[in-house]
Amino acid sequence: MPRPPTPRRFTPRALIATGAVTATAAGLLVAVAGTGSAAPVLLSQGKPATSSSDGGTGYAAKLAFDGDTATRWASVRNVDPQWIRVDLGTAATISSVKLVWDLSCATAYKVEFSTDGSTWKSVYSTTTGDGGTDDLAVSGTARYVRTTGTARCRPTMGYSLQEFQVFGGGSADTQPPTTPGNLHSTSSTPTSAALAWNASTDDTGVAAYDIYNDGNKIAEAAGTATTKNVTGLTPNTAYRFTVFARDAAGNVSPASNLATVTTPPSSDTRPPTAPGGLAVTGTTSGSASLKWTAATDDTGVTGYDVYNGTDVILPDVTGTTATVSGLAADTSYTFTVKAKDAAGNVSPASNQVTAKTLPDSGSDKTPSSIKTVSTGWTIPWGMSWLPDGSALITERDSFKVFKLTQAGARTQIGTVPNAVTTDGEGGLLGIAVSPNWSSDHYVYIMHTASEGNRIVRMTYDGSTLSGYTQLVGGIKKSKYHNGGRLKFGPDGYLYATTGEAQTPDLAQDKNSLNGKILRMTTAGKAAPGNPFGTLIYSYGHRNPQGITWDPQGRLWEAEFGNSKYDELNLITPGANYGWPTCEGKCSTSGMTNPKAQWAVAQASPSDIAYSDGAIYMAALKGQRLWRIPVSGTTAGTPAAYYVNQYGRLRTVEKIPGKSALWLSTTNCDNNGNAADGADKVFQIELK
């Protein structure tokens with residue numbers, strides 16, 4: 001087994017021998033090409049950095065990648081191990097790593113490479129480190145590079161690096177695998193489905209296959225596999241599977257064909273016994289706490305659903321206590337609890353209890369009434385107001401644009417050319433009326449096209465939609481996770497949300513427009529003041545579909561999680577919102593936590609709107625309208641309205657000049673399965 005490379009001290013002679021000179025001026029490290037072979041490229045400077053800890057203000061991980069030896073990263077004291085890592089943005093061929101240690105160095109440490117941020121390969125390790133500058137001749141392909149210290153030079157201190165530099169030859173692989181073919185099911189049980197597909201090919205080899213049910217990753221298979229038995233399913237339930245091939249560099253193929261599998265009913269038909277002794281143990285203005293005695297079952301109880309009347313308000317409770325949050329103040333609720341087993345059998349209901357939430361001391365307006373404005377829609381998606389108080393509304397799969405008056409009169413004004421569907425979540429998405437529409441008659445539209453997602457401009461003269469100018473392209477599309485919301489901000493610039501197109505690494509890649517909030521001029525160019533000088537305003541998003549501004553001009557955003565948490569975020573320019581490293585709140589350095597989060601069964605949020613002291617969030621899977629009071633940069637206790645009453649809620653917008661909202665459904669989509677024309681637009685009064 002070959003010995004690991006030995007660290008070399010950088011001296012003028014050593015530098016000349018390698019064909020490069022490093023000059024230090026005012027603490028700035030500058031690589032200068034010599035007369036030998038071409039110098040490797042510095043790949044890491046200014047790239048996103050994270051660490052296991054930092055020693056306080058002024059010692060963040062990013063300071064090891066700023067090119068300035070006067071700044072440094074430092075870990076907390078007296079804790080082993082500690083690590084620091086950098087995300088190069090894309091897989092690269094690496095030739096060397098340079099570590100400039102402060103006095104708090106490591107006697108034992110290792111350097112590791114990863115292509116996905118989760119599986120790591122050690123490329124160097126030592127137990128005889130003595131600080132100073134370590135120039136390590138390492139090699140391999142990686143997107144992420146990590147240094148982990150396990151023993152410290154100064155026993156009472158931590159670890160500290162003035163600079164952590166990664167050198168190499170740039171991008172190594174940008175070609176995605178081919179599409180997996182002929183996805184089908186070979187068999188199924190009540191709790192599993194056996195899938196098979198034709199292998200993808202790739203120039204460097206397929207590393208893994210990702211298996212999705214609708215838009216959520218549900219399983220993974222090795223790159224050499226063409227079959228997978230997906231377990232943990234629910235009996236007598238329809239699943240819609242697609243498969244994506246992924247290579248070691250993180251490139252992802254287009255989606256396979258859709259394979260629909262309905263699991264058979266379970267042979268276990270005996271339900272659990274009814275939970276007993278249901279009681280209310282406490283209330284607040286927005287919650288009620290409950291307890292009950294356990295149910296029994298011949299194969300075991302897997303969880304409990306809490307009901308308000310006939311609607312499940314809190315699913316999949318694993319214990320015998322629960323706090324139901326998101327309730328309206330000064331309101332009576334009638335609760336029961338039912339037990340479930342692994343076969344999907346549901347017990348009789350527990351005894352019934354009534355809880356009344358406490359009055360709210362606040363004076364903000366809340367929903368008081370709801371009425372139907374318009375019927376006959378099929379997946380209405382985008383909505384934007386005209387100066388006369390009517391709205392333009394898009395239909396996702398028909399590619400049509402309509403004008404809807406507040407009296408309910410609907411008129412088709414045109415069809416968007418070049419729009420295509422993805423048989424999932426792509427199609428005709430967001431629309432934004434120009435703030436200067438009275439003079440320029442422009443409307444801005446985001447839609448899926450043959451090559452990807454586009455942002456375009458069209459002209460609406462008051463009667464007909466015409467013209468077509470593409471402003472922004474290069475946004476990868478996928479069956480799911482296309483984002484799509486368009487809105488003008490109070491600064492007059494156009495904002496757009498983009499999904500990561502079922503390629504999670506794109507959310508962290510600042511060379512990609514996917515998994516981002518974009519901010520642009522009306523010509524589709526980067527708006528002045530954007531943090532990276534590009535269209536990108538914030539990054540690390542999975543599938544954002546909601547943006548709105550509060551009266552102070554703060555930007556709020558809602559996005560879909562995968563299987564754990566959906567998020568409401570307060571957006572600041574240049575911030576990283578964590579995906580795929582974080583889903584919901586996490587403690588990873590460099591990631592911005594959400595202001596509120598929900599289990600995906602209670603939300604799956606699409607559009608959001610601000611009105612009268614609160615953000616309103618339309619929930620698809622959760623089938624409810626959330627009201628989240630906000631004060632400054634703080635989000636208060638959410639309250640849910642219309643739970644399971646109107647189905648999947650897609651778009652919510654404040655009516656200009658009124659304390660009222662418009663709210664639309666998308667029950668005709670793949671998850672709603674309602675007949676075409678079943679969707680509606682409602683008006684909600686706030687009092």
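Which handedness does the disulfide of cysteine 582 and cysteine 586 have? In this predicted model, the torsion about the S-S bond of that pair is about 65°, so the disulfide is right-handed. The structure holds two disulfides, and the link of cysteine 105 and cysteine 153 is left-handed, with -110° about the S-S bond.

**Overall fold and dimensions**

- Along the principal axes, the C-alpha atoms fill a box of roughly 80 × 70 × 55 Å.
- Among contacts between residues at least 6 apart in sequence, 61% join residues at least 24 apart.

**Burial, surface and charge**

- Of the 687 residues, 53% count as buried.
- The accessible surface of the chain comes to about 26,900 Å², and carbon and sulfur atoms account for 50% of that area.
- There are 56 positive and 54 negative side chains in the chain, and the centres of these two sets lie 2 Å apart.

**Disulfide of cysteine 105 and cysteine 153**

- Cysteine 105 is joined to cysteine 153 by a disulfide with an S to S distance of 1.9 Å.
- Cysteine 105 lies in the loop between β6 (82–101) and β7 (106–114), while cysteine 153 lies in the loop between β10 (140–152) and β11 (160–171), so the pair ties together parts that are 48 residues apart in sequence.
- Cysteine 105 counts as buried because its relative accessibility is 5%, under the 20% cut-off.
- Cysteine 153, at 26% relative accessibility, counts as partly exposed.

**Disulfide of cysteine 582 and cysteine 586**

- The sulfur atoms of cysteine 582 and cysteine 586 are 1.9 Å apart and form a disulfide.
- Cysteine 582 has a relative accessible area of 5% and is therefore buried.
- Cysteine 586 is partly exposed, as its relative accessible area is 23%.

**Cysteine pattern and a further cysteine**

- When the bonded cysteines are counted along the chain, the disulfides follow the pattern 1-2, 3-4.
- Cysteine 668 has a relative accessible area of 10%, so this residue is buried.

Technical notes
Residues are numbered from 1 along each chain as its sequence is written. Side-chain values use heavy atoms; hydrogens and water are left out. Buried means under 20% relative accessible area, exposed over 50%, partly exposed in between (1.4 Å probe, protein chains only). Contact means heavy atoms within 4.5 Å. Accessible areas come from the Shrake-Rupley method with a 1.4 Å probe; for residues, only the protein chains shown count as cover. Lys and Arg count as positive and Asp and Glu as negative; His and the chain ends are not counted. The place of a charge is taken as NZ of Lys, CZ of Arg, CG of Asp or CD of Glu. A disulfide is a pair of cysteine sulfur atoms within 2.5 Å. Helices (H or I, at least four residues) and strands (E, at least two) are DSSP runs, numbered from the N terminus.
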